[in-house]
Amino acid sequence: MPRFRAPVAVFVLLAAGFGLIVAPAAGFDEGPEQVAGVAPAPINETVPVGLTGVYPNPVPDGDAGEFVILNVTTPTSLGNYTITDGEDRIRLPDRTVEGRIALTTAPNLTRNRTDARILALGQGLALANGGDHVTLSRDGEPVDTIRYADAPEGEIAIPGRDGIRWRPVGATEFPVVAAPGESTRAFVLPDGAAVPAETLAAADERILLAGYTLTSPRVERELVAAARHGVAVSVLVDGSPVGGLSRRSARTLDTLAERGVEVTVLSGDPARYAFHHAKYAVVDGRALVTTENWKPAGTGGHASRGWGVVVRSDRIVSALAATFQADASGLDAESWRRYRAGKRFEPADGPPANGTFPERASPRRFDPERVELLRAPDNAERRVRRLLRNADETIRIEQVSIGSRRQPFLRATLAAARRGVDVRILLSGAWYVEEENRELVEWLNERAARDDLPLTARVADPNGRFEKIHAKGVIVDDDQVLVGSLNWNNNSARENREVAVLIEGEGVAGYFVGVFRADWQGGDWRLPASLLLVVALAALGAVLVARRFEFETRPAP
């Protein structure tokens with residue numbers, strides 16, 4: 001039976017482009033983080049051109065818009081290069097190029113898939129959706145080949161050490177970004193519920209707010225007020241959360257759009273992520289990253305135990321802003337007005353959370369040694385597994401739940417316990433996860449007793465300090481703390497857009513150690529005694545510096 005063939009636009013990216021940077025698959029490479037813009041070398045290393053991807057099954061009807069990705073490392077004339085699928089052979093334009101170039105028979109279909117320079121081809125290959133191969137040749141001699149099978153719709157085949165992997169078109173391949181530590185404000189919820197709103201209220205130029213859902217009246221007011229005062233405000237949320245977008249969410253997004261806020265939802269095809277689950281905001285030169293949703297139960301401080309930080313670091317802020325822009329400009333991104341046209345929305349499950357809780361863990365400022373920005377599915381799984389694998393003394397985990405006994409992060413944690421690392425795992429007692437969490441806690445404690453492991457697991461007793469745990473936090477060796485949206489389930493790290501920061505420093509890590517201990521014991525929060533002197537000395541130093549410069553400069557806002 002003849003294979004299915006369709007007319008095709010051959011689209012060639014010369015060098016790894018924005019959103020298409022080639023790197024080992026998240027979760028499977030145990031080596032160091034990838035470097036942005038570096039692609040695998042061609043088979044013949046003396047040839048500066050190689051294949052790094054194939055897009056054989058576009059979403060549009062008729063498969064229009066197929067493309068092939070090349071990497072060109074030095075200025076090279078393409079005139080003696082050809083691409084073939086074994087039947088058709090296409091000679092590339094006789095142009096000397098370097099960097100990112102798009103060769104296509106359908107420029108209008110490919111312009112919104114890349115920011116590369118486009119050169120039109122007179123004819124293109126026809127790649128079979130069920131499987132095919134593409135060979136790049138120079139002067140008739142093969143240079144590189146990609147073979148694929150069963151191409152998913154809207155995804156790119158990328159070759160790697162472990163064979164072909166598929167990535168949605170436009171999905172990013174951001175590396176881990178690290179920066180020296182700068183002023184960081186640590187807070188927990190519900191205690192520090194004022195921090196998110198205060199951070200938004202301090203905006204002078206821009207707010208980029210990303211979330212899974214947005215229903216918080218307080219956040220809505222701050223965003224509207226900022227837009228009214230000339231701040232450029234953009235919001236990005238998931239268009240298809242579990243249970244559907246609620247009427248409450250729709251009303252909030254309606255109000256924002258009507259008051260000058262740019263609202264974008266991720267819900268179209270081809271979808272790059274299962275869910276846009278990240279929870280962060282870029283506010284001028286600050287990055288707010290939290291574990292909580294923008295709703296009363298979360299950042300509103302009326303229910304959940306959550307963790308958060310506000311980081312001042314140009315490099316981290318720039319990388320997070322780039323994440324927002326990449327996600328908000330994809331093919332699956334739609335303006336709120338276009339998305340909501342003709343739609344009916346789901347009624348809310350119940351009234352918004354309105355609990356009140358004591359403030360026992362006040363926000364604190366620290367100057368950490370180092371900050372790293374992690375993003376899923378790009379790099380977070382590898383980095384978190386390495387964090388756990390390198391633990392020497394302690395691991396403290398506070399999570400909503402853990403997806404299974406075979407979940408990769410849990411397996412890495414058990415391996416650490418077998419090395420003698422002291423492990424404590426605290427899970428939520430919320431009604432929707434309580435049964436499975438108690439079963440897992442029982443299994444973990446039984447295994448620890450059987451194998452004589454220094455590991456203890458527990459379901460949290462809020463004891464009136466919060467309603468339920470919704471945090472996704474990890475503390476390693478009382479010196480590194482991970483804060484962000486990354487759940488320990490079986491899909492979060494590999495299929496969702498997630499954002500987290502890894503902060504190194506005894507002060508900031510000690511802050512969350514104190515919160516963890518209180519949550520573990522069900523009692524009051526206390527900063528660890530060993531850190532009280534450090535905090536006191538740091539505060540004294542800050543006062544002396546402030547006095548020294550009091551008449552020389554005004555303090556930063």
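**Entry 1: a core residue.** I began with Phe512, which, leaving aside neighbours within four places in sequence, is in contact (heavy atoms within 4.5 Å) with Ala186, Phe187, Val188, Trp307, Gly308, Val309, Ile475, Val481 and Val483. Apart from the core that holds Phe512 lies another core, of 38 residues, with Leu374, Ala391, Ala457 and Val474 among them.

**Entry 2: what I am reading.** This is a predicted model, where local features need pLDDT of at least 70, side-chain atom pairs count only at pLDDT 80 or more, and totals for chains, interfaces and linings use all residues. Residues are numbered from 1 along each chain as its sequence is written, and side-chain values use heavy atoms, with hydrogens and water left out.

I checked pLDDT, the predictor's confidence in each residue from 0 to 100. Its mean over the chain is 86, and 84% of the residues reach 70 or more. Over residues 1-44 it is below 50, and this stretch has 150 contacts in the model beyond near neighbours in sequence. Residues 526-557 also stay under 50, with 15 contacts beyond four places in sequence. I note for myself that where pLDDT is low, the predicted coordinates should not be read in detail.

**Entry 3: the whole chain.** I found 12 helices and 30 strands; these are DSSP runs numbered from the N terminus, helices being H or I of at least four residues and strands E of at least two. Of the 557 residues, 57% count as buried (under 20% relative accessible area; exposed is over 50%, partly exposed in between, with a 1.4 Å probe and protein chains only). Among contacts with a separation of 6 or more, 75% come from residues 24 or more positions apart.

**Entry 4: the largest core.** Which residues have the most contacts inside the largest nonpolar core? They are Trp307, Val309 and Phe512, in a core of 46 residues. Helix H11 (residues 506-521) gives the largest share of this core, eight residues. A nonpolar core here is a set of buried Ala, Val, Leu, Ile, Met, Phe, Trp, Tyr and Cys residues joined through side-chain atoms within 4.5 Å.

**Entry 5: helix H2.** I listed the buried residues of H2 (residues 194-201): Val195, Pro196, Ala197, Thr199 and Leu200. Their cover includes strands E14 (184-189), E15 (206-210), E18 (280-283), E19 (286-290) and E20 (304-311), along with helix H3 (217-228).

**Entry 6: salt bridges.** I counted 20 of them, each a side-chain nitrogen of Lys or Arg within 4 Å of a carboxyl oxygen of Asp or Glu.

- Arg165 pairs with Glu173, the closest N and O atoms being 2.8 Å apart, and both residues are buried.
- Glu381 and Arg494 meet at 2.8 Å, N to O. This pair links distant parts of the chain, from helix H7 (residues 380-389) to helix H10 (residues 492-495), 113 residues apart. Glu381 is buried at 1% relative accessible area, whereas Arg494 is partly exposed at 37%.
- Asp519 pairs with Arg465, the closest N and O atoms being 2.7 Å apart. Asp519 is in H11 and Arg465 in the loop between strand E26 (455-459) and strand E27 (468-469), 54 residues apart. Asp519 is buried at 0%, and Arg465 is buried too, at 4%.

I then saw that Asp519 and Arg465 belong to a network of salt bridges with Asp191 and Arg305.

**Entry 7: backbone details.** Most residues other than glycine have a negative phi, and most peptide bonds are trans. I looked for departures from that.

- A cis peptide bond joins Leu189 and Pro190, with omega about 10°; Pro190 is in the loop between E14 and H2.
- The bond from Ala376 to Pro377 is cis as well, with omega near 5°; Pro377 is in the loop between strand E23 (370-376) and H7.
- Asp452 has a positive phi, near 55°. It sits in the loop between helix H9 (434-451) and E26 and is exposed, with a relative accessible area of 69%.
- Asp477 has a positive phi near 55°, in the loop between strand E28 (472-476) and strand E29 (480-484).

**Entry 8: one last residue.** Is Thr76 buried or exposed? Thr76 is buried, at 9% relative accessible area, and lies in strand E3 (residues 76-77). Not counting residues up to four places away in sequence, Thr76 touches Pro48, Val49, Tyr81, Arg95, Thr96 and Val97.
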